Amino acid sequence: MTLATGITRLATLRDEPPAAGPGGPADPVLIVDHLTMRFGGLTAVNDLSFKVGRGDITALIGPNGAGKTTVFNCITGFYKPSEGMIRLMQKGGETYLLERLPGHDVNRLARVARTFQNIRLFPRMTVLENLLVAMHKPLMKASGFSILGILGLPAYRSAEKAGIEKAAAWLDRIGLTARADDAAGDLPYGDQRRLEIARAMCTDPVLLCLDEPAAGLNPRESAELNTLLRLIRDEYDTSVLLIEHDMSVVMQISDRIVVLDYGIKIADGTPDDIRTDTRVIAAYLGVDDEEVAAVEAEVGLTGTQAEIPA
Amino acid sequence: MEFFAQQFINGLTLGSIYGLIAIGYTMVFGIIGMVNFAHGDVFMVSAFIALIAFLILTTWLGLSSVALVFLIVLVIAMALTSLWGWAIERVAYRPLRGSFRLAPLISAIGVSIFLSNFVQVVQGARNKPVPPLVRDVVVLYQNEQYTVTLSYKQAIIMVTTAVLLAGFWYLVQKTPFGRAQRAVEQDRRMAALLGINVDRTISLTFVLGAALAAVAGTLYLLYYGVVSFSDGFVPGVKAFTAAVLGGIGSLPGAVIGGIIIGLIETFWSAYFSIEYKDVAAFLILIVVLIFKPSGILGRPEVEKV
Amino acid sequence: MATGSTTPIPVTDRAEASALPSLIKDAGLFALVTLGLCVPIVSYRTDLGQGIGLVITSRWGTVFALCAAIFVLRLVQQLYLTGRARRRAARAPVAEGASRLAAILAPITLVIALTLPLLAALLTGSLGEGRYWIDLGILILTYVMLGWGLNIVVGLAGLLDLGYVAFYAVGAYSYALLSTVFGLSFWICLPLAGLFAAAFGVLLGFPVLRLRGDYLAIVTLAFGEIIRLVLINWTDFSGGAAGISSIPRVSFFGLPFTAGENGFAATFGLNFNAMHRLVFLYYLILALALVTNLVTLRMRRLPLGRAWEALREDEIACRSLGIDTTITKLTAFALGAMFAGFAGSFFAVRQAFVSPESFNFLESAIILAIVVLGGMGSQIGVAIAAIVMIGAPELLRNLGFLKAVFGEGFDPNEYRLLLFGLAMVAMMVFRPRGLISERTPSVTIAERGR
C-alpha cells in the first residue's frame, strides 16, 4: 500500500497552470495534451490534444478505427500512452496525471468512471450487487477492511444500509427496481447498458466516460438514454465524455464535439460547428485529403474551426 | 571440458524429448488458447503403448532387427496415441467451447488424473523395465581421465527428432492443413466463414500433438528403458515450461525451449545438485511466467478491453 | 461472457441422432473408438515375471466388456438426451430441485455431524467400536475444511490454485517443527500455523496474481511442487522423505489425554478412555471447519467478498470501478491459505507424523475436484462432494458383495482417483456450475422492505 500511495503523491500535482493549447472550454475537467499511442508500428492515436469542460457532455466521434476507444483506454488507465499528458482536475483543485496512475487508481483517486463498448457487468451477480461492488471504496472503509465487518459491528451495517439506499435510488432512476435481485446477465440488452452507467455513477465520478452507450438501443431506449445523460450532467457534479456513432444522440445532447480520424483530431467545437465542418464531412464520406483541400478552397474555408495539430 | 561436452550431449538428448512434447502444448495453446494439462499423461500413455508393442514384437513375434522393431513400435505408438488425442479432444474439450474461462483447464486436469490412474489400474503401479534395444556407443574423444561418448540411443533420439520435426514443419508451413490451422488460430469465426472446417482442424491439431508426444514417449522408453504410470506429470510440466520459455504458440520456440530446459536440467544435475533438478525446472517456469510470459519467441499479449 | 446467461447447454449431436438406427450407429462408433483406445494398453497387461523382463497376458474379455459398457452408456445417454429434448416444454427444473434438496440436506448434515460420535457409539455398542466411524468422520471433515478453504480462492475469487496443498504442508510442518523443536503447545501453534500459511500465500501471491488464469494455475502448481521437493531434500530442516515423527499429541486446552491424575479424564471425573482424544479431535476439526464456513459466509456479504466474486466475473470491470485487483486477489489467496494452514496443523496433531508424501499434487487435485464437483462457490455443495468423494470409497471398500462381483482383489480405492478424473470432466461437460449451481445473492433489496 505504501508504494501505491507514493506513486499517487507523485501523480498529484497542485496549482498546475491551466491547459495548453488555444480555445476549448474555460474550466476544463480533463485536458489531454499531445497524446500519442503506438502499438508496435501502428500509431493508433497521434498527438491528440483536447479538453473536456466541467459540467459538459463532450462527444468523441469519428469513423471506425479512428482511435476513439484507444483514447478512452488511455484516459481510464488501461493503456499507458506512448507520449503525452492526461490531466484531470477535481473541483477542489487537485490535479491527477492519469497516465501515471495505476489502473484502478484512475477511478479510486482521480474518480474517472467508464463503461465498455461490449458491456462488462458481473453477469451472475444480481443487479443490486453490481451497484454495491461499485461502492467498494467507501464500504470497504466502513467495514474496517473486513476486520470490523466480519465481527458484524453496527458501523458497517449502517454503511451498508446507506449503500443499498443509494443503489435503490439509482435503480429507481433507471427503472430497474423490480429486477434488483435478478442476475445482471439475465437483463435485456438495453437494461444492461443503463445498469452499467448506473454502476459507473455509483463510484461518484468527476468524469464519466461512456463507450458507445447507445449502441444496439432502439429509438425509445435511445431517447431514455438522452434523458439519463442530461440528468447526470444537470444533477451531479459529473462531466460526461462519450464515444458515439448515433448522431441523433450526439447532436442532441453534446455541448461539445471532438472529431477524430486516423488517430488525429480533425475538428473540435459545438454541434453546430461540427455539422458544417467540411473536414468532418469528408472524413465521414471517405474523401482524400487533397480533395478536402480542394473542397475547402472552393468553399473559401482555410482552417476554420478545425485545428490540425502540427 | 570433456565433462561439459558429455553433459551437453546428454542435455541435447533430453531436450529433444522435451521439445517434442512441448510442441503439443504450444500448438493446442495457439489454436484454442488452453493449457492441455493432460498432454504429459498422453505422453505417458504413448510410452506404455510403445512398451507393449515392443514386448509383443520381440517376445511373441520374435523380431530381431533393431531398426525394424523401432520403426514398427514408433508407427504403432503414433497411430494409437493419436486416437487418444482425438478422443480426448472430442469428449472432454470440444463440448466446453464457450463455457467459462477455466472450464477447459479443469477438464484437462480431470483427464490427466483419469489417464494416470487408468494406466495404474490396467497396468499396475510398478515400474515397467524393458531390456535395452541398443547398447553400443561411439567414443567421440578420449584421454586418460575422461571419455566423451555418444550412444547409439542418443544418436537415434536426435536423428529421429530432427527428421520428424522437419516433416512436421513442412506439414504446418506448406500444406492446406497448416494454412487452415494458422487461420483458425488467428480468427476462428472468420476461418469458419471461409469454409475451413474448424472442428476438424482443431481435432487434427490434437492428433498431431499426440503423435509427436508418442514419438517422445517411444524415445523416452528407448532412453531410460523404464516407464511407470506416474511418469507423465514431471516431463509434462517440464515440456510445458519449455513451451512457455520458447514463447507459447511458437513452434520453433517449443523446440528451442525444450533443448534449453534439457540442457539446464542436465547441467544443473551435473554441477549443482541432482536432488533439486526438478526444482530448477519449476523455478524457471515461475520466473519466465512472471517476468517474460511471452517467452523467447512469443508475441506479447495486448489486453483486450 | 459479457452478455446473456452463462450456463452453456451441453453440445451434443442431438439433432442428427434422433432415430434409433442412427443412435445405435453412434453408440457403435463410441464402442469402436473404445476398442481402439484399449489396444494395447488394456488388452495386454504387462507384469514383472519370475525372471528378468516383463510377462504379457492378454485380456480381451475385459476389453470387450468395456466396449459393451461404453456402447450401452452412450445409447442410454443419447436416448435420455432426445427424451429430454422432447420433454423440454415441461422445463424440468433440475437446478431448483438440487438447491431445494441442499436446503433440506444442510441442517440434516449438520445435526449428523454434531452427534456423530454419539451415534457411532450407540449404533456400534461402544465408543471403541465406533472408532472406525469417528476416524472416517475426521477424514471427511478435514477434506470439507480444505474444500471450503479452497472454495474461497477458486469458487469465490475465481483463481485456480493447483498448489493449495502447499499451504496445508506449511501448516502441518509449522506445528510439527514448532512442537518438536521448541516444544510449543498445539494451541499456540494452531494460530501460528495459519499465520505462516497466510504469509506464504501473500509471498507467493504477490508476484503471481497478476498472471492470467491458466498461467496462475500452473505457477501455483509449480510452487506446490517446489515446496514438496524442498521438504524431501532439505533433510536438516524437515527430516527429508522420512518426515517428522512423534509429534506431541493434542491436549484438552492444556490437559493431556492420559490416564494420569492430571489427565483429562481424571480432572473431569471420567473413567479414562483412549477414545476421548479421538472424540475431541473430531470436535476440533468440526469446529475448525464450521469456523471456515462461517467466515466465508460472512465474507461473502462484505465488500471484500463481493469484490472477490466480481473479480471472478470480470476483472477489467473491477479495475474500472477502482478495485485494486492485486490486493483483492491477495486477500482471497491469503485467507484460503490460512485455513489450509489450520487444517495442516490439525493433520499433524492427529497423525503425530508428517512426511512430504502427504502433500503431493494429487492431494491438491482431490481438493480441487471436491470444490469443482460441489459447484464452485456453494458451501453445502462442497460439503456433500467431500462426503461422497472421500466417504463413499471408504464405505464401498467394506462391502462384501463388491468383492464377490469383481473378485477378491477388488479395492474401490484403486478406482477412486480414476472416477474423480472422470467426474471432473463430466462435470465440466454437463454441469459446469457444479451440482449445486444456484447462487444465493449476498444481499437483496427486500431487506429494505420492497
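## The contact between chains C and B

In this predicted model, chain C and chain B meet in a contact that takes 52 residues from chain C and 54 residues from chain B. On the side of chain C that touches chain B, several helices and strands each supply at least two residues: the helices α1 (20–38), α6 (186–208), α7 (213–233), α14 (361–374) and α17 (412–430), together with the strands β1 (44–48) and β2 (54–58). Of these, α7(C) gives the most, with twelve residues.

The side of chain C that touches chain B can also be described by residue class. It has 40 nonpolar residues, seven polar residues and five charged residues.

## Chain C as a whole

Chain C contains 17 helices and four strands. Of its 450 residues, 46% are buried. The contacts within chain C may be sorted by separation along the sequence: among those between residues at least 6 apart, 74% join residues at least 24 apart.

## The largest nonpolar core

The largest nonpolar core has 332 residues, and within this core C:Ile370 and C:Ala386 touch the most other members. Helix α8 (residues 198–224) of chain B provides the largest share of the core, namely 16 residues.

The surroundings of C:Ile370 can be listed residue by residue. When residues up to four places away in sequence are not counted, C:Ile370 touches C:Tyr143, C:Gly147, C:Val382, C:Ala385, C:Ala386 and C:Met389.

## A sheet in chain A

Chain A holds an open sheet of six strands, arranged in the order β7-β8-β9-β4-β10-β11, with mixed pairing. At the edges are β7 (112–114) and β11 (264–269) of chain A, each of which pairs on one side only. On average, neighbouring strands of this sheet are turned by 20° against each other, direction ignored.

In general, the strands of a sheet pair through backbone hydrogen bonds, either parallel or antiparallel. An example of the parallel sense is the pairing of strand β4 (residues 57–61) of chain A with strand β10 (residues 256–261) of chain A, which extends over four bridges. Here A:Thr58 stands opposite A:Arg256 in β10(A).

## A helix across the sheet

Technical notes. Residues are numbered from 1 along each chain as its sequence is written. Chains are lettered from A and ligands numbered from 1 in the order in which they are written. This is a predicted model: local features need pLDDT of at least 70, side-chain atom pairs count only at pLDDT 80 or more; totals for chains, interfaces and linings use all residues. Two strands pair if DSSP finds at least two bridges between them. Axes are lines fitted to C-alpha atoms, for helices over the stretch in contact, and angles run from 0 to 180 degrees between N-to-C directions. A nonpolar core is a set of buried Ala, Val, Leu, Ile, Met, Phe, Trp, Tyr and Cys residues joined through C-beta atoms within 7 Å. A residue is buried if 20 or more other C-beta atoms lie within 10 Å of its own, exposed if 12 or fewer, and partly exposed in between; C-beta atoms are placed from the backbone. Two residues are in contact if their C-beta atoms, placed from the backbone, lie within 7 Å. Ala, Val, Leu, Ile, Met, Phe, Trp, Tyr, Cys and Pro count as nonpolar, Asp, Glu, Lys and Arg as charged, and the others, Gly among them, as polar.
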